[in-house]
Amino acid sequence: MERKPLPIGIEDFKRLIDDEYYFVDKTLMIKELIESQTIVGLFTRPRRFGKTLNMSMIQRFFEKTDESNAYLFDGLKISKYPECMKYQGQYPVISISLKSMKQATFEEAFSVFKDLIRAEILRHKSILFNSAVIEETDLDKLTRFIELKADKSDYNTSIGFLSTLLASAYGKKVIILIDEYDVPLENAFHQGFYNDMVNLIRSVFESALKTNPSLDRAFLTGCLRVSKESIFTGLNNFKILSIDDARYDEQFGFTDAEVSDLLEDYDLSGHFAEIKEWYDGYHFGNADIYCPWDVINHVDHLLQEPD
């Protein structure tokens, strides 16, 4: 049987499935999300543990699109739960990654944020500008965001504003995904403009996640737990899902069984002991976890070695 290519550097779930890369199935995370009562959840995990791929998977599952993405989940674990599959493709989704906001000044970082908001509006442009329920004044404001001519203060409420319009256009509350929320904060701390960045991120989050009747659920990822008092002040139903939490403890990184299956699929089972010794160094909740980046790259190295 032909081996699937290893997904080194692949963070787009749709591309991973469409191009038939090897996939360690984490789709039961979606079942946990559906069954949970969490309105706003923050997943904190180390770098290179699959946070971005999982967020992409969540987006592809929940987002309502012109062409159905249901096929992406055919044969995966979540497909065995019809009570969960009924949620597939049913929601407007806002998905933004802040990982690129690593500039030397606040002005440069803010410019990148403006581009991120513009790109997300453009992704939804068709439904928004063709909706009969969106007011002309709101369309004018969207146009100003697209043309990068919006007032600076408008960006404080930009994600909340977009969610309100999407909820109106779809007649359904919105799921908001924010990946690597802490990157601009960590960068700003080191570059000397932390207070300016905190004020921006706090305002954006309060508008989108706190005082937002258009919000269904929101999920964030990051490496750092920034103080609730500084960023997430007053958020109701907010949960920090850290490495100590047993919930979702097997959904980021690889378990013993997943590493064993991976090695067996590539006829490398004899290397399990060495990989366990080198890379089984994490404990999340109740699970021993391997860094997926390290494991996949080591497997790739083993496959390149001559017999």
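Start by selecting S95 and L177: S95 stands opposite L177 in strand 3. Strands here are DSSP runs of E with at least two residues, and helices are runs of H or I with at least four, numbered from the N terminus. Before moving on, note that this is a predicted model, in which local features need pLDDT of at least 70 and side-chain atom pairs count only at pLDDT 80 or more, while totals for chains, interfaces and linings use all residues. Residues are numbered from 1 along each chain as its sequence is written, and side-chain values use heavy atoms, with hydrogens and water left out.

**The sheet**

Now widen the selection to strand 2 and strand 3 (residues 174-179), which pair in the parallel sense over 5 bridges; pairing requires at least two bridges found by DSSP. Bring in the other strands and you have an open sheet of 5, with parallel pairing and the order 2-3-4-1-5. Look at its edges next: strand 2 (93-97) and strand 5 (238-241) each have a single partner strand, so one side of each is left without a neighbour in the sheet. From one strand to the next, the twist averages 10°.

**Two helices on the strands**

Select helix 8 (residues 158-170), which packs on the sheet and touches strand 2 and strand 3; contact means heavy atoms within 4.5 Å. Helix 8 makes about 150° with the direction of strand 3. Such angles run from 0 to 180 degrees between N-to-C directions, with axes fitted to C-alpha atoms, for helices over the stretch in contact. Then go to helix 10 (residues 194-210), lying across strand 1 (40-44), strand 3 and strand 4 (215-222) and running at about 140° to strand 4.

**Salt bridges**

Time to show side chains. A salt bridge is a side-chain nitrogen of Lys or Arg within 4 Å of a carboxyl oxygen of Asp or Glu, and the count comes to 15.

Pick R47 and E186, whose side chains meet at 2.9 Å, N to O. R47 lies in the loop between strand 1 and helix 3 (51-62) and E186 in helix 9 (residues 183-191), so the pair ties together parts that are 139 residues apart in sequence.

For a last stop, select helix 5 (residues 106-123), where R123 and E120 lie 3 residues apart, about one turn of the helix. Their closest N and O atoms are 2.7 Å apart. Which of the two is buried? E120 is buried, with a relative accessible area of 5%, while R123 is partly exposed at 38%. Buried means under 20% relative accessible area, exposed over 50%, and partly exposed in between (1.4 Å probe, protein chains only).
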